[in-house]
Every structure is written in structure tokens, then in C-alpha cells.
Amino acid sequence: MQAAAASVAVQDEPETLSEAIWERMRALRRIAAGVGVLEILAMALAVRALYVLPGGFALNDGGLFYVFARDIQHAGYALPSFSSYNDGSIPFAYPPLAFYLAAALDDLTPLSLADVIWLLPLVESVAVVGAFYLLAKSLLRDRWTLVMAGLAFALVPRSFIWLIMGGGLTRALALTLSLVAIHQARAAVHAERPAWPAARAAVLLGLSVLTTLETASWAAVSLPLFMLFPFSDRRDLLRRVGILVTIGLGALAVTMPWAALVIARHGLDPFLAAREFGGTAIGQADLGVMWSDLINPLHTGEPFFPLIAALGLLGTIYALVRGDWLLPVWWILTVGMGTRAFPTLAAIPTAMLAAIAARDVIAPALLRASSGAGGVSRPQKLAVAAVGFFAFAFLVGASLDDTRGDQRYLRPLSGDEMQAMQWIADNTPADANFLVISRNGWYADRDGEWFPALAQRNNVATVQGYEWVRGEFERRLDLQTRAQMCLPGPGNCLGEILNEAAFDYVYVPEHCCDTMRQLLENEWRYVVIYDNGATVLQRVNGPVRPGGTNAYSSLPDESEMH
């Protein structure tokens, strides 16, 4: 890679320039590279802000974390034993650092807690780009490859989709901490005095554990790859192992007070349950799924032609041929771990590999193809630059398309939906149970997740958070899926769900679930009591008698309900 970069640099250096002038040009290029960093961060902010800011509310998820932060405030910043979320049975075993940060920002700034869950993931997701650039700088060396890697990561959809949502409160913070921890651990290996970078790596890794276990476990598994290989001799290997162990023990010291408290209260059950359903990256191995993910490298979330994924694959082949196996192995390790977040994590080595392909394979090939006996002319260089510009414009357009792939989940609750949930909080019994019909799978179920936070009522089919309760995640996922699949016709699918999880009301989101609405309209047991697009229905035990007194005589009249 360095040889190719040097050859291109030589082509760019006019032989007639004096050494003094050339030194000034190199200084100007260093300044340009610095401006490039700011531009990358500005572009990352702009792309992410175009999704986050217009809605005025957290994208997709975040309701669970909203309640976690509120629970911490109500506990006087002590760590609660259980969360008040939904039915109150979720142990407060989720790493709490991001929730303390959100609670403090709510208390210390003019922002409300809802504003924090809305805006903080945006800031953290841009910090991820900065952390990526810091780590890539230590791996790529060539500044133009570095700039291209930064642009690729800033724009590829998988680098931000799941980080700018409300749930990005933890995901983005943990990824920032993890990337800087890996950078500092790598610096410790190459430093003459490794104590300080090793200490920083230990603290950052520990803080990542205190933010989310999934990303922290990925960082912990990645560290040996960056720290132990390649080593020069046995003495060097032992030195690296010593630094790695020191970092691990330091991170353990940072996390132990929290872990000891949670284990003393709940034992290991929450962690064992979370291991099975995505709370950690350990114990989720499914060889069939892993193999499928490895042989299909298109994990970048690009809605059109997967340009970065294709370049990443080309960069992988190029790196392996040259014997530079670090990034390809890191990509394989990331995908093979099988975490729920692996597409986001895999975007990191993919962006670097894509930049290597563009800088060391595509650009030299285009220049060679367009050069003649007299070398590369200025118009030919401009033509190559135009190719790069159109590729960049294509990436920008792909990053802003919100109708395909996972980008379609970047939606907040509507104003009418929030109004409906507030009406429920004000006009239904505090102990009422609801069945919320979800428009998406549990991983993008903004209705079911925000309902317990805003309506302050129990949703019998909420899935989020129950990975920490043994057996509940699967049971609730089954209930949610069956409710989504209820169809009009013979049989009473809602009745079957009712036998397993009693509910008093059904909530149907706005612009959703026409089949369910048809089913409920034809079912006398359910009567609409509120409808502004989002619909609330009450379940009754007897037939409605038009014009007579029935079970609804105690409900508010229509003027009060709307």
C-alpha cells in the first residue's frame, strides 16, 4: 500500500521544483488533510442531522432507555434494582453509563429527557466518525487513503442507521469508547513507555462495558488481534501479552463495582438470559447464520448498488495478496461473532478496505489506462477526479435515501400517535393492560417500545428489555408476531392471545395494520373509544346495545375523548 502511495506521490511531484518549494507544498497538503477531517465530520453531521432533526423526537426506538434514565432520576441517582418500564419485571442489569449521562443532561441543561434521547445519539454518532478516523490514521498511514476511508465511513448507511435512533444513546457511545480504546491499546504496544496509553485503553474499555456489553465484547475480542500480531520475537510477544493482560485487569477494575452490585441483587440470570438474545456477543454462535453472513459481504446497508461493499471486497483481496491480513481478518472476526450489531461494526473495516481499493487499485489503474507516451496529462487527471466526484455524489445520494433497507426505520412517532398515548395515560385505568399492534418487527417496533414510556401502561407484547428476563423475550416475541399476523376469518386469534396474556385494550398505530382494523371492526367484543388516526379499542364482555346503557357508560363523552 505504501509503495503504491509513494509511486503516485512521485508522479505528482514535478522534478523542477526546488526542495524548499516542495517542502512548502507538503505543508499545504498537510493543512488540506486537516481540513479534510473537519469536512468529513461536517458531512457526517449533515447527513445524520437530515434524518434526526426534522421529526423533533427520537427516531424509532429509545423508549426503554428513556424510562431507564427516568428511573435513575427517581432513585436519586442510585442504581435501581428493577426498572419501572412496562410491567416492572425487568431487572436493572443493563449497563447504566449512558442512562446516567442522559439523566444528568436532563437535570443540568434546558433540554428535556425526551430531547436528550432525541439529540444525544446524533452527537455521539458523529463522535464515532471521529474515533474511526483516529483509529484508521494509525492503520492506513497514507493520508489520502485515510480521507477516503473517512468519507466512506461517514456516508455508508450502516455506519449511522442504528446509531442515530433513540437506542443509539448506548450504541453510539459504546462504539466511540471501544474504537478509542483499541487505538490506545495499539499505541501502548508501540510506545516505549506503554503505561499511560494502556491505562487509557483500560478505562475506555471499562466504560464501554458500562455502556453496552455487545459492543464492549466485540472490542475485547478485537484487542488481541491488534496487540499481539505481528510480533518480532518471543520477548516482544511476552511484552504485548503483559500489556494486554494489564488492560484487561484495568477494565475489570472499572466495571467490577457495577457488576458485583447487579450479581448480588439478581445473580447471573440476567446476563445468561441476555447472552442468548443479543445482550452480549458471547454464546450466540449459529454456524449456519455465520457462514451465510460471511459469504454474503453486502452488509453496508447501501440502498442502490453496494459501492462501498464492492470496494471493500476488492480491498480485501488486494490486502490478502499483499500479505496485509489485519483488516480482512478483523472483518471476518466481526461478522463471525454473530452479534446483532455486526453490520454496523463490520462497516469499520469495510470502509478502510474500500479506501485501500480506491487509492491503491482503482486510481492507479485508471491513471495507467489513460496515460500515453508522454505520461498523464492534466485533462486525464481531471477525468479521473470526475470519476471520484461522481462516486462521491452517488454515496451521498445513497446515504440520504430513506425508502429502502433499514433506513426506512428512521421514523419517529407522529404527533397524533404521541397525542393518543397521552390520552391513554390520562383516560384509562393505571393498571390497564394493552395489546399494541406493531407495524414492524420487534427490532424496529417504535410503537410497542415507546408505548409503556409515554402511555405509562403495560403492553403485553412489548419485547424490548426482556432479553434480561429468562424466557420472556421468546414468549413476548411470539405474542407480538401472532398479533401482527392476525387475519379476518374463522377462529379468534386475539382470543388465543388473550388466554395467554390478558389485555383490556387494543392500540393500533396510525397508518398501519389495515387487516387488523378490518378484523376489529367486524368483532363485537372491541369498540373504538379514541381515534385520531391512532386507534384505541376497549375489549368488552358483552354485546353493545345501541342507544342503551352498557359497559361504556362510564367513559368520557366524545368531546372529552378527542
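Helix H9, spanning residues 213-228, contains 16 residues and extends 23 Å from its first C-alpha to its last, close to the 22 Å expected at 1.5 Å a residue; the expected span is 1.5 Å times one less than the number of residues. Helices (H or I, at least four residues) are DSSP runs numbered from the N terminus. The model is a predicted one, in which local features need pLDDT of at least 70 and side-chain atom pairs count only at pLDDT 80 or more, whereas totals for chains, interfaces and linings use all residues. Residues are numbered from 1 along each chain as its sequence is written, and side-chain values use heavy atoms, with hydrogens and water left out.

Within H9, a kink of about 25 degrees is located at Ser222, shortly before the proline Pro224; the bend at a residue is the angle between axes fitted to the seven residues ending there and the seven starting there. H9 is mostly covered, with 13 of its 16 residues buried (under 20% relative accessible area, with a 1.4 Å probe and protein chains only).

A search of the whole structure identifies 2 disulfides, each defined as a pair of cysteine sulfur atoms within 2.5 Å. Another links Cys512 to Cys513, with a sulfur separation of 1.9 Å. Cys512 counts as buried because its relative accessibility is 7%, and Cys513 counts as buried because its relative accessibility is 18%. When the bonded cysteines of the chain are numbered in sequence order, the pairing reads 1-2, 3-4.

Technical notes
Helix = DSSP H or I, 4+ residues; strand = E, 2+ residues; numbered from the N terminus. Buried < 20%, exposed > 50% of the residue type's maximum accessible area, 1.4 Å probe, protein only.
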